[in-house]
Structure formats: C-alpha cells, structure tokens
Amino acid sequence: MFDIVVRGGILPDGRQADIGIRAGRIAAVEPLPAEVAAGEVIDATGDLVSPPFVDPHFHMDATLSFGIPRINASGTLLEGIALWGELKKVMSFEDVRDRALAYCDWAASMGLLAIRSHVDTCDDRLLGVRALLEVRDRVKDYIDLQLVAFPQDGVFRDPTAWDNTMRALDLGVDLVGGIPHFERTMKEGARSVRALCEVAAERGLMVDMHCDETDDPMSRHIETLAFETQRLGLEGRVAGSHLTSMHSMDNYYVSKLLPLIAEAQIAAIPNPLINIVIQGRHDTYPRRRGLTRVKEMQAHGIRVGWGQDCVRDPWYSLGTADMLDVAFMGLHVAQMTHPDEMRRCFDMVTTQNAAIMGLEGYGLEVGCAASLVVLDAGDPVEAIRLRPDRLAVISKGRIISRKARNDARLSIPGRPETVRRRHRAPGDG
Ligand code: FE2
C-alpha cells in the first residue's frame with residue numbers, strides 16, 4: 001500500500017519507472033503491478049519526473065518589490081543597492097513577510113522546493129531577518145529555506161553591520177555571507193573575507209559570499225576566499241556567488257586561479273538572468289556579458305550551480321520562480337548548447353544545486369524525501385527548451401500542486417482535423 005503512486009514517468013537519466021511514496025519517503029522506484037494499492041495515482045506516462053528544482057541564490061527580502069519606491073533607472077548594481085536602501089526605510093515586517101510568502105507560493109507551483117536566500121543584515125531593526133525567519137518556519141512543510149546573513153552595505157563599510165550580522169546569526173540565520181567588492185578598498189574587502197570565514201569556522205557554519213560581482217578584472221576576492229577556505233579547513237562548505245569579474249580577468253591569471261578554487265572545493269553560483277543585465281553597463285562595444293567561466297570551472301572539477309538571484313525587485317524587473325528560465329538563459333550566455341551541456345544545465349538547477357545547499361534526502365532513490373515534479377516534457381533537454389507546465393508537484397509526501405495538461409487545439413484552414421498545439425518532439429506523450 002502506497003500513499004501515492006506516480007505512474008510511468010521518465011526519470012532525468014532516461015529510465016522509465018513507477019514511483020511509490022509512503023510516509024513522506026520514496027518507497028519504490030520500479031515497475032509496479034497495475035493492481036497495487038495506492039491512496040492516489042498520478043498518471044505521468046511519458047512525462048519527465050524530476051527531483052525538485054533548487055535555487056541556491058535568492059533575495060527573498062527584496063522580492064516582489066519592483067517599483068517601490070521607484071524604478072532603477074540606470075539598471076546598474078549600484079543604483080539597485082541605493083534603491084534597496086530607500087525601500088528598507090519604508091518597508092514593514094509584514095511587507096517583507098507577505099511578499100516572501102507570496103513568492104513561496106509561486107516557487108512551490110513551479111516545483112522549486114529548496115531555496116537559499118540571502119537576507120540583508122544592515123538594519124539595526126533586523127526587520128528582514130526576523131521576517132524571513134518566520135517565513136522559513138511557515139513554509140518548512142513544503143519548502144526548505146536556507147538563510148544567509150548578508151551585510152548588503154559592507155560588513156566594515158557600514159558602521160553597525162558587523163554587530164548586526166552577528167546578531168542575525170545568533171537569531172538562527174543559517175550561513176555567513178559577505179560582499180567584499182563593496183567594501184571601501186580591495187584591502188578592506190580581503191579583510192572582510194578573512195573575518196567572516198573565521199566566524200563561519202568558529203560557529204561551524206557554511207559560507208556563501210557575493211564575490212567579485214563587478215566588471216573590474218582586478219577584483220580578486222575569490223583568490224582570498226579560496227585561501228581562507230583552505231587555511232580554516234572549510235573545504236566543501238564555501239560557495240562564491242556571481243564571480244563575474246572572472247569574465248574579464250587576464251587568462252594567464254585565471255589559469256592559476258581555477259586550480260586554487262578547485263583545491264579549496266569552493267562551489268560557484270553564477271546568476272545568469274541578473275549577470276547578463278547588470279554587468280557591462282559601463283561598456284560601449286564590444287559589451288561584456290559578465291557571466292563567469294562556467295565551462296572552464298566545470299572542466300577543472302569545480303561544482304557550479306545556476307542561481308536565480310532576483311524576481312521583481314530593485315535589480316531585476318522580470319522573473320518567474322522558474323529555474324528552467326534560469327537554465328535557459330545560462331546555457332545561452334555560457335554557450336552550453338551541446339545536448340550533453342544542456343543536460344548538465346538541468347543537473348545544475350537540480351542535483352548540483354542540492355549538493356551546494358547540502359540538502360539531505362534529495363533525489364529519486366528509495367529512502368529519499370518524497371519530493372518531485374512532473375513536467376509536460378519528455379526529457380531534461382526538452383524541459384529546458386519548452387519550460388513546460390508543472391503537471392504535478394509533490395513535496396515531502398504531499399501533492400501540493402496540480403495542473404491539467406494543455407490541450408489547446410490548432411485549426412488550420414483546409415485541414416479536416418484540429419491538432420494539439422504542443423511542441424513536444426514527435427512521438428512523445
Ligand atoms: Fe545576490
């Protein structure tokens with residue numbers, strides 16, 4: 001007897017299997033007899049059944065605030081930070097909490113069930129921190145939310161940021177963050193990396209730092225982050241987010257840097273939707289794309305995951321909570337168009353991101369948490385191409401979202417019958 005059986009789905013590795021769910025766990029991944037007892041059956045015949053999408057880089061305190069109190073006219077990172085400073089002065093605890101909860105509804109419906117969100121600690125009231133701690137608790141039955149203590153205005157540049165960041169960690173924020181490229185000098189940035197990594201080592205926490213989010217080829221805090229990671233024995237527990245300066249660095253220097261990042265087992269989290277619109281704003285032509293060196297990192301054995309970063313906030317006016325949009329943009333900007341590379345992009349928004357976040361019980365094996373998404377696509381590449389409907393989303397053993405298959409019809413003059421207006425490859429579904 002199962003609580004739920006998902007019938008006939010295609011797993012990301014191409015296997016076709018039924019999935020039996022019992023007591024919040026995956027209890028079977030194999031062909032099951034037609035007469036097997038189940039509380040509920042989902043027919044996923046020919047549909048892609050994937051472990052849930054995972055976003056390792058987001059800002060849930062700022063999401064869904066686009067236009068409040070005004071729009072970012074220049075489109076730059078720095079105007080976005082200034083605008084966020086204006087918004088912080090007028091927002092309430094309830095504003096932050098309710099926007100975050102609304103976003104979690106979007107995410108759940110898209111099969112995005114684990115999110116690492118930075119939360120700004122440069123606020124003497126710690127309003128965003130307290131709001132997102134409540135949200136983390138309220139969504140825990142269907143979304144795993146990790147919070148990063150993020151001193152947006154610079155942990156040394158802002159006079160009270162250090163104390164407030166420590167207070168946020170004391171309140172239960174999960175990870176240590178930072179923004180070394182926004183400190184007053186390169187030297188101060190390096191000092192912030194060192195001090196924040198020491199805090200993580202003392203408290204036994206992971207680190208995820210906004211690092212070198214700039215077009216400046218001399219912004220080299222990732223080098224310091226790798227050094228401090230090894231000095232403090234933090235290997236495998238540190239991520240560098242953005243790393244956009246690597247796009248502009250001298251190739252010889254990068255040939256030394258990549259092995260250092262690999263040795264330190266630092267994960268990289270580029271955010272292609274944001275990097276492509278925020279970076280290069282000061283360029284004429286040719287205009288830089290700003291995305292870090294994804295394929296080169298992977299060739300050196302560095303774990304890379306795609307992050308979303310922003311949805312409808314001071315830095316980005318669009319966004320859908322769909323990690324397939326992120327993978328789609330990422331594979332274009334990084335030129336990962338070979339089928340093997342596109343599959344890797346799918347892995348980056350699922351298994352790779354789950355590994356970066358250290359999620360336990362993630363996957364579609366027996367014993368894993370019963371969380372999955374059924375997509376109206378036949379395989380991972382088709383999922384990225386179509387960014388299709390999520391036909392069903394199951395989180396921790398419960399069906400939390402259903403959507404009827406799109407049966408829109410196309411009527412062509414002179415043709416006797418209508419045809420289904422779908423774009424799945426011939427023979428699929
Ligand atoms: Fe960010």
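Predicted model: local features only at pLDDT ≥ 70, side-chain atom pairs only at ≥ 80, totals over all residues.
Residues are numbered from 1 along each chain as its sequence is written, and side-chain values use heavy atoms, with hydrogens and water left out.

Let's start at the metal. The iron ion is held by His57, His59 and His210, each through NE2, and by an OD atom of Asp309, at 2.1 to 2.5 Å. Donors here are N, O and S atoms within 2.8 Å of the metal (3.2 Å for Na, K and Ca), and since water is not among the atoms, sites may look incomplete. The angles that the 4 donor atoms subtend run from 86 to 179°, so the arrangement comes out as irregular.

Along the chain, the donor residues follow the spacing H-x1-H-x150-H-x98-D. His57 in strand S6 (residues 53–58) and His210 in strand S10 (residues 207–211) are 153 residues apart, so this pair links distant parts of the chain. Strands are DSSP runs of E with at least two residues, and helices are H or I runs of at least four, numbered from the N terminus. His57 is buried at 0% relative accessible area, and His210 also counts as buried, at 3%. Buried means under 20%, exposed over 50% and partly exposed in between (1.4 Å probe, protein chains only).

Now for the salt bridges, each a side-chain nitrogen of Lys or Arg within 4 Å of a carboxyl oxygen of Asp or Glu. The whole structure has 30 of them. In one, Glu86 meets Arg70 at 2.9 Å, N to O. Glu86 sits in helix H1 (residues 77–90) and Arg70 in the loop between S6 and H1, 16 residues apart. Glu86 is partly exposed at 29%, and Arg70 is partly exposed at 30%.

Another bridge joins Glu198 and Arg194, with the closest N and O atoms 3.8 Å apart. Both lie in helix H5 (residues 186–203), 4 residues apart, or about one turn of the helix. Arg125 and Asp123 pair up at 3.5 Å, N to O; Arg125 is partly exposed at 41%, whereas Asp123 is buried at 13%. Finally, Arg97, Asp98, Glu134 and Arg138 are linked in a salt-bridge network.

Terms used:
Tetrahedral: all angles 85-135°; square planar, octahedral: opposite > 155°, others 65-115°.
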